[in-house]
Amino acid sequence: MTPPEKLRWDGEDEDARAATRAAAERRELLDHQHGEAIVIGNEFAEVRVCRVETRNGSRLLIEAPKSGQWVALCPLEVEALTWQNPQ
């Protein structure tokens, strides 16, 4: 019996390289974390927030542990969140 064929998609190698780069960038950011992280959540979601220092100043690192997604926002990007209304 032959083993099942592995599924592949166009751009799979590029996706893997991008994921490796993102993981390295996240590790680098966490190496420069200041203070303790804050974890907030409810029955729908959970996020971890911490301040990190970069060569371009402080950033707010926001991570969603369940999905593995993260973003590092500069002060202007964080301020832009306050410009939004609830809708």
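With which side chain does the side chain of Ser 58 make a polar contact of 3.3 Å? In this predicted model, the partner is the side chain of Arg 51. A polar contact of 2.5 Å also joins the side chain of Ser 58 to that of Glu 53. Ser 58 is located in strand β3 and, with a relative accessibility of 27%, counts as partly exposed. When residues up to four places away in sequence are left aside, Ser 58 touches Arg 51, Val 52, Glu 53, Cys 74 and Pro 75. Between Ser 58 and His 34 there are 9.4 Å in space, taken from C-alpha to C-alpha, although the two residues are 24 apart in sequence.

The strand that holds Ser 58 is part of a hairpin, in which β3 and β4 are separated by four residues. Strand β3 covers residues 57–64 and strand β4 covers residues 69–73; the two run antiparallel and are joined by five bridges. Within this pairing, Ile 62 stands opposite Val 71 of β4, while in the turn Gly 68 has a positive phi of about 80 degrees.

Turning to the cysteines, the count of disulfides comes to zero. Cys 50 takes part in no disulfide, since the nearest cysteine sulfur, which belongs to Cys 74, is 16 Å away, whereas a disulfide requires two cysteine sulfur atoms within 2.5 Å. Cys 74 is likewise in no disulfide, its nearest cysteine sulfur being that of Cys 50, at 16 Å. Cys 50 counts as buried because its relative accessibility is 3%, and Cys 74, at 18%, also counts as buried, the limit for this class being under 20%.

Charged side chains form a further group of interactions. Side chains of opposite charge can pair when their charged atoms come close. The structure holds six salt bridges, among them one between Arg 8 and Glu 12, whose closest N and O atoms are 3.2 Å apart. Arg 8 also meets Asp 13 in a salt bridge, with an N to O distance of 3.2 Å. Through these shared partners, salt bridges join Lys 6, Arg 8, Glu 12 and Asp 13 into one network.

Notes. Residues are numbered from 1 along each chain as its sequence is written. This is a predicted model: local features need pLDDT of at least 70, side-chain atom pairs count only at pLDDT 80 or more; totals for chains, interfaces and linings use all residues. Side-chain values use heavy atoms; hydrogens and water are left out. Two strands pair if DSSP finds at least two bridges between them. Buried means under 20% relative accessible area, exposed over 50%, partly exposed in between (1.4 Å probe, protein chains only). Contact means heavy atoms within 4.5 Å. A polar contact is a pair of N or O atoms within 3.5 Å; within protein, one must be able to donate a hydrogen and the other to accept it, and residues adjacent in sequence count only if both atoms are side-chain atoms. A salt bridge is a side-chain nitrogen of Lys or Arg within 4 Å of a carboxyl oxygen of Asp or Glu.
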